[in-house]
Amino acid sequence: MDESIQERLARLPAYAWRSDPAVPPFPDDRPLIVFDGVCVLCSGFARFVAARDRAGAFRFTAAQSPLGQGLYRHFGLDPVNYETNLLLAEGRAFAKLSAFAEIVSRLGWPWQAGAVVGLVPAWLGDSLYDPIARSRYRIFGQASTCHRPDATWRRRMIE
């Protein structure tokens, strides 16, 4: 069986992106969510998190941004056809269902209950995540331009 993206990411040294000249410098002292900015589902999830992140812990960037592009390339992911969202936290990278579980685990109750999906083995999680990721534009829609954040979380966006 092929190695999952999350298994590959788990093997990387902490903060590996810092030494990659293709990744623009950015403040990585707080969790960063990298999401597909034209995907209605993905940008909707980012807005959902921003609205429920009472502590303001998360930062956000679109996969289409220079930072998002650099990170996707750094992690060996397709920088055009985004197969996953990413979460960078405490020097580690998370993808697919692991990213979702890690993100919701950092939100308040009742949202953090969704972290139980992190107990799903990677092979099973990927088999559930991948069909949704592949058909997300068809099912949920695609914007013609990247999502523009409102004032309440614009200060948390890294362009």
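**Ground rules.** I noted that this is a predicted model, in which local features need pLDDT of at least 70 and side-chain atom pairs count only at pLDDT 80 or more, while totals for chains, interfaces and linings use all residues. Residues are numbered from 1 along each chain as its sequence is written, and side-chain values use heavy atoms, with hydrogens and water left out.

**Salt bridges.** I found six salt bridges in the structure, a salt bridge being a side-chain nitrogen of Lys or Arg within 4 Å of a carboxyl oxygen of Asp or Glu. D29 pairs with R59, and their closest N and O atoms are 2.7 Å apart. D29 lies in the loop between α1 and β1 and R59 in strand β2, so this pair ties together parts that are 30 residues apart in sequence; the helices (H or I, at least four residues) and strands (E, at least two) are DSSP runs, numbered from the N terminus.

I then turned to D28, which forms a salt bridge with R18, the closest N and O atoms being 2.8 Å apart. Both D28 and R18 lie in the loop between α1 and β1, so the pair ties together parts that are 10 residues apart in sequence. D28 is buried, with a relative accessible area of 13%, whereas R18 is exposed, with 54%.

A further pair that I checked was R106 and E102, with closest N and O atoms 2.8 Å apart. R106 is partly exposed at 29% relative accessibility, and E102 is partly exposed at 23%. Salt bridges that share partners join E90, E102 and R106 into one network.

**Helix α2.** I compared the length of α2 (residues 40-52) with expectation: its 13 residues should span 18 Å at 1.5 Å a residue, and its end C-alpha atoms are 18 Å apart, which agrees. The expected span is 1.5 Å times one less than the number of residues. Which residues of α2 are buried? I listed C42, S43, F45, A46, V49 and A50. Seen down the axis of α2, these buried residues fall within an arc of 155°, so they line one face of the helix; the arc is that of the directions from the helix axis to the C-beta atoms.

**Helix α3.** In α3 (residues 66-74), I found L67, G68, Q69, G70, L71 and Y72 to be buried. Their cover includes β1 (32-35), β2 (59-62) and β3 (86-89). After α3 comes G76, whose phi is positive, near 70°.

**E3.** I placed E3 in the segment before α1 (5-10), and E3 is partly exposed, with a relative accessible area of 43%. Leaving aside its neighbours within four places in sequence, E3 is in contact with R8 and R11, where contact means heavy atoms within 4.5 Å. The C-alpha atoms of E3 and E90, which are 87 residues apart along the chain, are separated by 23 Å.

Key:
Buried < 20%, exposed > 50% of the residue type's maximum accessible area, 1.4 Å probe, protein only.
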